[in-house]
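Please read this note with the model open beside you.

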Amino acid sequence: MTTPLEHELKEMIIESLELEDVTPEDIDPEEPLFVEGLGLDSIDALELGLALQKRYGITLESDGEASREHFANLKSLAALVEARRVK
Amino acid sequence: MSFRELRARPWRDRSNETPLVWCPPHGDAPGRELALSAWHRRVGAWQALLASLDDGRGAWLLFEPDPVEFSAALVAIWERGEAAILPADNQPETVRRLAEQGVALGEIPGAPRAGADRAPQWSDRPLPEIAVTLFTSGSTGAPQRLVKTFAQLDAELATQAALWPQAGCRVISQVSHQHIYGLFFALMRPLCEDATLVADTCRYPETLNAWLDACARDTKPAVVISAPPALSRLPETLAWQPGARSLRHVYSSGAPLARADSDRARALLATPVHEVYGSSETGGIGWRIQQQGEAWTPLPGVHIECDEAQRLWLDSPHLATGGWQRQADRIQRLPDSNDFLLLGRADPVAKIGGKRLSLAAMDRALGALDGVERAMSLPLQRRELRLAAVVALSPQCVPQHHAEHRALVRDLRRQLAAEFEPALLPRYWRFVSTWPTNAQGKLDAAIRQRLFADLDDRRVPRWLGEEAVADGFRVTLEVPERCQFLDGHFDGQPVLPGVALVHWAMTLAARLFAGPITFAGLERLRFTSPLLPGDRFTMTLTRRSGTPKLHLRCEGGRGEHASGRLALTGEAHDT
């Protein structure tokens with residue numbers, strides 16, 4: 001089951017990264033977002049960090065690698081937003 | 001000035017004031033400086049490894065993301081008087097192609113890294129003439145092998161040291177040292193100028209923010225070696241002021257930075273961005289600070305000219321050989337000045353996220369994929385010039401609906417990933433069964449615009465070609481997944497409303513048929529099965545001359561979607 005937050009994040013990913021041929025249903029919450037799964041790349045990682053800051057006011061940790069572990073899949077991203085959102 | 005050229009082997013000794021390496025804070029661990037002797041023991045470790053692997057070729061293939069290990073390995077190779085070959089990436093295809101050229105080291109599958117610390121051995125063996133061999137994406141598609149001699153590098157290092165001295169600074173890099181820009185700015189310059197290199201590459205803005213704060217706390221000046229992808233995404237929500245106090249210089253290279261991004265970076269970092277224009281082949285050519293103007297100023301010692309085709313001619317100490325050489329870039333000289341505007345490239349090379357991509361190489365790779373008959377990649381003027389691809393497929397391979405389209409895109413991207421970095425892979429795909437051209441047989445700007453119009457206008461279909469039929473036209477379309485008309489129709493399964501289909505038919509008819517066409521009403525129009533997001537279908541529009549009727553038939557992989565006719569007005573113009 002996709003939660004409302006997960007659905008919102010799917011739409012944010014599709015819009016902010018301009019994934020024109022991806023629908024929310026295509027994003028499996030457990031599947032990796034990067035490389036082999038949805039196929040996102042290093043530029044997308046920067047863009048996604050920016051989108052999270054704009055939309056939810058989340059500031060990622062300075063230890064970039066660790067904070068990007070939250071980007072592993074949609075579930076981990078939703079957990080990050082849940083825990084750290086300020087708006 | 002504390003500059004010493006590479007040929008003076010500045011890595012063997014340096015003043016005690018500036019450490020060679022700074023290890024930035026990591027998690028709970030505070031930042032610390034690494035003594036020169038500690039780095040020397042890494043050189044010793046690599047020297048021991050090289051001695052054990054020596055196969056007589058005297059050439060080493062080095063891919064190593066860790067700046068400390070990389071710099072130690074590079075110096076170990078130089079001290080042997082041997083050749084350092086730096087692959088641009090460690091993609092399987094790249095590694096396979098270069099396997100014959102030298103012994104693989106570092107983060108290459110199956111390659112070793114240096115072991116425990118060892119004392120370094122300094123001998124009298126002369127340095128090689130060629131410092132590094134690099135690879136760039138050439139306009140012909142094949143990766144171009146490129147050598148840099150110590151003489152060339154030293155000339156440029158001296159120029160930069162005089163122009164923008166950075167002795168005593170910590171040099172934070174956001175770019176790869178496997179490419180010349182990062183290698184030169186983030187490793188060679190600190191080595192030669194008594195500056196400090198940083199033990200890790202700074203990939204994310206939060207990391208940059210924290211490292212600058214650390215520099216400010218330590219009252220150490222900092223320099224940032226950056227590029228447009230990072231500088232265009234500095235979050236305004238981070239507090240940049242405390243760290244920005246430590247900042248002396250911010251450099252950007254790889255591609256021009258958008259003016260708005262330059263302004264924003266300047267405001268956030270309280271430091272102007274020095275953009276450096278150049279290429280792997282030419283070295284640095286010019287620089288600019290956009291708040292002082294759009295034009296570039298040639299670097300000291302670099303001479304430029306412009307020919308009648310607007311092509312840049314270069315005579316530069318940073319080139320391998322002296323004399324004037326014609327370049328692929330087009331420029332415009334400013335009157336009464338050496339400054340120039342950059343107009344773009346004359347050959348088909350795209351810059352994506354600052355990385356150079358030969359469109360010819362991508363076209364060739366696309367064309368070789370299963371089921372692909374013809375392909376063309378094109379950079380779109382949007383978001384970092386993400387790549388688009390127009391691909392003609394054999395009929396049985398054409399995807400008919402969303403799931404097939406997704407599966408095909410994943411498959412094609414997976415195949416290309418063996419050869420190209422992920423960020424270079426096409427993001428926007430247009431699958432056609434017939435190559436779309438204008439009357440002259442060219443896929444021109446108008447056709448291109450039509451193929452990608454749905455990216456900017458959420459109300460139009462994805463257009464994939466059209467052909468004339470008796471009394472009319474057959475147009476191939478897809479329902480864009482993000483089409484605005486799909487919104488809020490049914491929960492769960494969005495469908496394209498019939499009214500949207502009629503709107504598309506009328507818009508196409510207005511372009512395709514001569515004379516004005518005005519909708520006057522529906523007549524016997526049946527919507528037999530709904531069109532879903534991603535569905536591919538043909539829309540056949542016919543109109544018998546002299547009748548005020550437009551016949552419409554839509555068919556897709558699941559059969560007919562709609563058929564019937566529309567009433568028109570405006571007959572007077574048609575007879």
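1. Ground rules. This is a predicted model, in which local features need pLDDT of at least 70 and side-chain atom pairs count only at pLDDT 80 or more, while totals for chains, interfaces and linings use all residues. Residues are numbered from 1 along each chain as its sequence is written, and chains are lettered from A and ligands numbered from 1 in the order in which they are written.

2. Chain B overall. The C-alpha atoms of chain B fill a box of roughly 95 × 55 × 50 Å along the principal axes. Chain B has 14 helices and 29 strands. These are DSSP runs numbered from the N terminus: helices are H or I with at least four residues, strands are E with at least two. Of the 575 residues in chain B, 43% are buried (20 or more other C-beta atoms within 10 Å of the residue's own, C-beta atoms being placed from the backbone).

3. Contacts along the chain. Two residues are in contact if their C-beta atoms, placed from the backbone, lie within 7 Å. Take the contacts in chain B with a separation of 6 or more: 64% of them come from residues 24 or more positions apart.

4. Two domains. Chain B is divided into domain 1 (349-435) and domain 2 (442-575); the bounds come from an automatic or database domain assignment. Their centres, taken over C-alpha atoms, are 26 Å apart. Contacts link 16 residues of domain 1 of chain B with 16 residues of domain 2 of chain B. On the domain 1 side, strands E21 (372-379), E22 (387-393) and E23 (428-432) and helix H11 (402-416) of chain B each give two or more residues. E23(B) gives the most, with 4 residues.

5. An open sheet. Four strands of chain B lie in the order E15-E16-E17-E18, with antiparallel pairing. Strands pair here if DSSP finds at least two bridges between them. Strand E15 (303-306) and strand E18 (340-345) of chain B are at the edges with a single partner strand each, so one side of each has no neighbour in the sheet. Inside the sheet, 3 bridges join strand E16 (residues 311-315) to strand E17 (residues 325-333) of chain B. B:Arg311 has B:Arg330 in E17(B) as its bridge partner.

6. Meeting chain A. Here 33 residues of chain B are in contact with 24 residues of chain A. Helix H6 (205-217), helix H7 (228-231), H11 and E23 of chain B each supply at least two residues to the chain B side.

Conventions: A residue is buried if 20 or more other C-beta atoms lie within 10 Å of its own, exposed if 12 or fewer, and partly exposed in between; C-beta atoms are placed from the backbone.
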